[in-house]
Amino acid sequence: MTAGALPDAVSEARFDRVLAIGAHPDDAEYFAGGTLARLADSGAVLHLVVCTDGALGGRGIAEVVKVRSGEQAEAASIIGLSSHVSLGHPDGALADDEVLRAELALAVRRIRPDLVLTHDPRTLWSNYGGRAHPGHSDHRAAGQATLDAIYPRAASPNFYTEQLAEPGLEPWYPREVWLFDTAQADLRIDASAGFARKLDALRAHQSQNRDDGLVRGARALGES
């Protein structure tokens with residue numbers, strides 16, 4: 001969440017329930033950790049869905065999936081998340097398919113978020129330090145599957161009717177969707193009050209923060 005001419009969105013609207021959806025462990029914190037921390041401080045109940053197992057992150061890490069799961073739990077606690085879950089799809093092979101859409105639609109229907117945050121699926125290139133860098137295929141898949149799950153699937157009783165047999169489960173449509181990891185920012189969030197927590201959460205992802213790389217990248221990205 002970076003530059004834009006709009007009023008600060010957190011102060012303009014009240015969000016009771018927030019769902020963040022990231023492709024990998026650390027994505028939500030990296031791209032929107034300050035925003036999530038500020039939303040938590042505003043009283044919102046925050047939930048996180050991680051789409052992949054993170055197995056391809058880092059090098060030479062024994063039991064990398066277990067390690068990254070533990071790191072995600074610590075980071076979630078730092079940010080102030082009420083719950084976090086991994087869907088366990090293979091890292092590097094995430095696809096915007098009906099399996100993933102159904103899982104995300106179920107999460108939307110269960111959590112009933114006012115606000116959903118996820119990757120911008122249009123991001124083919126990102127600017128890091130003045131240089132263009134290709135976007136991650138898993139990021140695009142997670143973002144597109146989330147949008148496809150929100151509408152028409154989670155909102156319509158005609159999709160995944162078996163889900164609606166679960167007590168209390170009904171179609172749901174969030175009030176707003178914010179896309180992070182974007183090259184086309186048009187919304188400003190003043191996340192400076194949560195930025196220190198974002199950096200602490202990134203440090204919790206120790207296996208990915210070699211030589212403080214995640215933290216340095218987040219500082220370059222800005223207070224998002």
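Predicted model: local features only at pLDDT ≥ 70, side-chain atom pairs only at ≥ 80, totals over all residues.
Q: What makes residues of helix 6 count as buried, and which residues are they?
A: A residue counts as buried when its relative accessible area is under 20%.

Q: Which residues of helix 7 are buried, and how do you know on which side of the helix they lie?
A: Helix 7, residues 213-221, has Leu214, Val215, Gly217 and Ala218 as its buried residues. These residues cover an arc of only 165 degrees around the axis, and therefore they lie on the same side of helix 7. The face turned away from that buried side carries Arg216, Arg219 and Ala220, which are exposed. Helix 2 and helix 6 are among the elements that cover the buried residues of helix 7.

Q: Why is a set of residues called a nonpolar core, and how many residues has the largest one here?
A: The name applies because the residues are buried, belong to a list of nonpolar types and are joined through side-chain atoms within 4.5 Å. The largest such core has 33 residues, and those with the most contacts inside it are Val18, Leu36, Leu39, Leu46, Leu117 and Trp178. Several elements each supply at least two residues of this core, including strand 1, strand 2, strand 4, helix 3 and helix 7. Helix 2 gives the largest share, eight residues.

Q: What other strand pairs with strand 1, and over how many bridges?
A: Strand 4 pairs with strand 1 in the parallel sense, over four bridges. In this pairing, Ala20 stands opposite Leu117 of strand 4. Strand 1 is mostly covered, with five of its six residues buried.

Q: How many bridges join strand 2 to strand 3, and what is the handedness of the crossover between them?
A: Strand 2, residues 45-52, and strand 3, residues 83-89, run parallel and are joined by five bridges. The chain crosses from strand 2 through helix 3 to strand 3 in a right-handed β-α-β crossover. Val49 has Val85 as its bridge partner in strand 3.

Q: How do you know whether the span of helix 5 is close to or far from the expected one?
A: Helix 5 has 18 residues and reaches 24 Å from its first C-alpha to its last, which is close to the 26 Å expected at 1.5 Å a residue. Its buried residues include Asp138, His139, Ala149 and Ile150. Strand 1, helix 2 and helix 4 are among the elements that cover the buried residues of helix 5.

Q: Why is the peptide bond between Tyr151 and Pro152 noted, and what is its omega?
A: Most peptide bonds are trans. The bond joining Tyr151 and Pro152 is cis, with an omega of about 10 degrees. Pro152 lies in helix 5.

Q: Are Arg112 and Tyr160 buried, partly exposed or exposed, and how do you know?
A: The cut-offs are under 20% for buried and over 50% for exposed, with partly exposed in between. Tyr160 has a relative accessibility of 12% and therefore counts as buried. Arg112, with a relative accessible area of 26%, is therefore partly exposed.

Technical notes: Residues numbered from 1 in each chain as written. Heavy atoms only, no water. Pairing = 2+ DSSP bridges. Right-handed = clockwise from strand over helix to strand, strands pointing away. Buried < 20%, exposed > 50% of the residue type's maximum accessible area, 1.4 Å probe, protein only. Arc of directions from axis to C-beta. Contact = heavy atoms within 4.5 Å. Expected span 1.5 Å × (residues − 1).
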